[in-house]
Amino acid sequence: MLKFKKTSYIPVQGKEPQVPEGLWIKCDSCGELLYKEDVKQNHYVCYKCGKYFRITTRKRLRLVADKGSYEKWEEGLENQNPLDYPGYPEKITALKERFRIDEAVTCGKCTIHGEEAVLCVCDCRFLMGSMGYVVGEKITRTVERATELKLPVIIFACSGGARMQEGMVSLMQMAKTSAVLKRHSNAGLLYISVLTDPTTGGVTASFAMLGDIILAEPGALVGFAGPRVIEQTIRQKLPEGFQRAEFLVEHGLIDGIVEREELKETLAKLIVMHRKVDPKEALIPNRRKERIPYSSRRKESVTAWERVQRARDQERPSALDYIQEIFTDFMELHGDRHFSDDGAIVGGIAYFDGCPVTVIGQQKGKTTKENITRNFGMPSPEGYRKALRLMEQAQKFGRPIICFVDTPGAFCGMEAEERGQGEAIARNLFEMSDLTVPVLSIVIGEGGSGGALALAVGNEVWMMENATYTILSPEGFASILWKDSSKAALAAEQMRVTAKELKELGIIEKIIREPQPADHQNVEAIAADMAEEIRRFIHRYLPMEPEALAQLRYERFRKM
């Protein structure tokens, strides 16, 4: 399983040196003297402390592109001097001769493990990778060409921002590069942004943060205003690790951190996973797992309240347990791109029988520490916004969406209200209703109120046999109607919360059997049954026209 790795390294602020020529180099972080050839073999990462050295365009291309596959595009554009800045043309000429690169960005086409892609690499040696007319024009022409050829685009961002020597002409490149990437996106094509150290200013506020997938190298400095600008302008004391890649993941701004040794493989896998799904070739039958027989079922009479308690059982398999059992190559993507990465909702891309799918789940913890991280499965607004971001990405690339619902309800704290909990849930209902890809929602534990419904506007909704789906908790129901929360068991019977009752009401389409209550011992067998039903679902819905899928979903809820 592919994972985004994190590093414990937090680099010092300030200028970090280039890898110098010579036999030995000194790490600016730990102070160790390093043998240069060993650093090279370690992908230009300090083998003592994990510090990432900045690398040149040529080194970057050698690390990512297949040998001999890189074809340069848009070379030789003439630089301009709109401010008549003294010495600027001469400086550009000198930098070209010194570093033997055309400008602060090199653009072209290559293969990555055999997968065709357009690759742009920024180089901070060239006026700190600043974006002037030529940088903006090269990226724009390259993305236009990629759109015509229907190729994915990967940009390695590394920049101090807009180029001061070109004034407002430089600023306009932010709008120009953003506009061309919008056209590339409208064509249904993949754009991956990889943030390296440093990525700041106008580049951060344009093409660097517009990727369908945004990755970063460990320890990379990324921000609009750099730390020195913030400290000197408003005298604000900044926390350790501020604006570093790890900070961005925590605050939901990027999808993940990838180490250099895994970057080439990660990029190739992402390119393959984001191909448009062909319904005729979506599922590969020979990848099915054998169904595992259940042990004999005990006949038992189970009350609604007992179902509630089973749905809440801490040992009950979670969304991630089912994701691991049913799908392959799950790659978790993080964050809502605005505020935070909510641990109560997990999501990403995976394969199901060879078909790329988007998988989203509400996730509880097994231990006290996990429950705190996951907020006991109660999502905040940023969790719902993360889920919606991933659904919209699935729609762009034609991937089916599978949601696992398991929450006592949306988080109701003051901070959730401040950040718009109601609006976030409403927006999910609004946008999910019109998605043009198949959407399946499976209630695997608690389906609590609007917090559950925000992931359950599906073409079909299923429930596990011991799951519950409720307007609110039985305790809350009893408190509101009878002023006595101790009557929760009676409320559970009155509310009709079980899968059998909700299927009779037409609220759900299917019940996933649990011959014994789900736990870690029988999760594989239950998942095998669930996978078989998911297979039928995809075979039925994926070939449908996009507008028909949205219409069917509308009609499903219209009759409720």
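Arg556 lies over the face of Phe557, 4.8 Å from the ring centre; a charge sits over a ring if NZ of Lys or CZ of Arg is within 6 Å of the ring centre and within 35 degrees of the ring normal. Lys510 is placed over the face of Trp462, at 5.6 Å from the ring centre.

A word on the source. This is a predicted model, where local features need pLDDT of at least 70, side-chain atom pairs count only at pLDDT 80 or more, and totals for chains, interfaces and linings use all residues. Residues are numbered from 1 along each chain as its sequence is written, and side-chain values use heavy atoms, with hydrogens and water left out.

Now the ring pairs. The structure holds eight aromatic pairs; rings of Phe, Tyr and Trp (its six-membered ring) pair if their centres lie within 6.5 Å, and planes under 30 degrees apart count as stacked, over 60 as edge-to-face and the rest as tilted. One of the eight is the tilted pair of Trp24 and Tyr35, 5.4 Å centre to centre with 55 degrees between the planes. Trp24 is partly exposed at 47% relative accessible area, and Tyr35 is partly exposed at 30%; buried means under 20%, exposed over 50%, partly exposed in between, with a 1.4 Å probe and protein chains only.

Tyr322 and Phe404 have ring centres 6.3 Å apart and planes at 10 degrees, so this pair is stacked. Tyr322 is buried at 0% relative accessible area, and Phe404 is buried at 0% as well. Tyr322, Phe327, Phe352 and Phe404 form one aromatic cluster.
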